[in-house]
Amino acid sequence: MMKSSDHSSINVAESSGVEKGKGSLIATSREQKKGFKKGLGILDFLLRLGAIISTIAAAATMGTSDETLPFFSQFFQFEASYDDLPTLMFFVIAMALVGAYLVLSLPFSLVTIVRPHAVAPRLLLFILDTVVLTLATAAGAAAAAIVYLAQNGNPNTNWLSICDQFGDFCQGVSGAVVASFFTVVVLMSLILLSAFALKKH
């Protein structure tokens, strides 16, 4: 009877040790997963800061693109400005909206750092980032088409290139378009990051 009792006590001790080992492994795995998601949240926040800078640069550069030629006649003054073209005005407004959204999204990005397992903030950012990406892409593509015409013209419609005369204007507009496409790339990265984080839940 003593041997049977000793044997059962050993089994209980071994099983409790195994359960403790499994529990510690699960806790370690959860901590690693939490740390990984926190890292994704930090990366998300930094990417948003970069996108804010590029968006503000795009809107400001386009909004200040204005050049007047040094020669003029009694009736004409040769000037090129972004507000001469509705497409470029749309670009400035769209980039301003994208920049405002990115600033407002920063608190939600911070929530994903503080609470790495929270699903709602990541899902909200994923949806809104997709909408804003569409707006930024449309604005950048439309402005790029205008820049192409300004630099190369269109012989079929007798549209002449103006960049030989308005070099500073074309340089500013081109820089704004490049900055907008950088914003588009960052937004795509943010969407992929959110999708990856949601998949890991």
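The unreviewed UniProt entry places the feature "transmembrane region" at residues 40-62, 88-111, 123-150 and 176-198. The model examined here is predicted. In this model, residues 40-62 are 100% helix and 0% strand. The end C-alpha atoms of that span lie 33 Å apart. Residues 123-150 are likewise 100% helix, with 0% strand. Here the end C-alpha atoms are separated by 41 Å.

Packing was then examined for one pair of helices. Two packed helices are described by the angle between their axes and the distance between the axes. Helix 2 covers residues 86-114, and helix 4 covers residues 167-199. Their axes come within 12 Å. The crossing angle is roughly 40 degrees. The crossing of helix 2 and helix 4 is left-handed. Helix 2 contributes Leu88, Phe91, Met95, Val98 and Leu102 to the contact. From helix 4 come Phe169, Val173, Ala176, Val177, Ser180, Thr183 and Leu187. By class, the residues of this contact comprise 10 nonpolar and two polar. No charged residue takes part in the contact of helix 2 with helix 4.

The pocket analysis gave a largest pocket with a volume of about 290 Å³. Its lining is made up of 13 residues. Closest to the pocket centre are Leu85, Ile146, Ala150, Ile162 and Phe169. Strand 2 (77-81) supplies at least two residues of the pocket lining. Helix 3 (120-152) also supplies at least two. The lining of the largest pocket has 10 nonpolar residues, one polar residue and two charged residues.

How values were computed
Residues are numbered from 1 along each chain as its sequence is written. This is a predicted model: local features need pLDDT of at least 70, side-chain atom pairs count only at pLDDT 80 or more; totals for chains, interfaces and linings use all residues. Side-chain values use heavy atoms; hydrogens and water are left out. On a 1 Å grid over the protein atoms alone, a cavity is a set of points where a 1.4 Å probe fits but cannot get out, and a pocket is an open set with protein on both sides within 12 Å along at least five of seven lines; lining residues have an atom within 4 Å of a point. Grid points are joined across faces, edges and corners, and a volume is the space filled by probe spheres set on the points. Helices (H or I, at least four residues) and strands (E, at least two) are DSSP runs, numbered from the N terminus. Ala, Val, Leu, Ile, Met, Phe, Trp, Tyr, Cys and Pro count as nonpolar, Asp, Glu, Lys and Arg as charged, and the others, Gly among them, as polar. Axes are lines fitted to C-alpha atoms, for helices over the stretch in contact, and angles run from 0 to 180 degrees between N-to-C directions. A crossing is left-handed if the near helix is turned anticlockwise from the far one by less than a right angle, and right-handed if clockwise. Contact means heavy atoms within 4.5 Å. UniProt positions are given in the numbering used here, feature names are shortened, and annotations may be inferred rather than shown by experiment.
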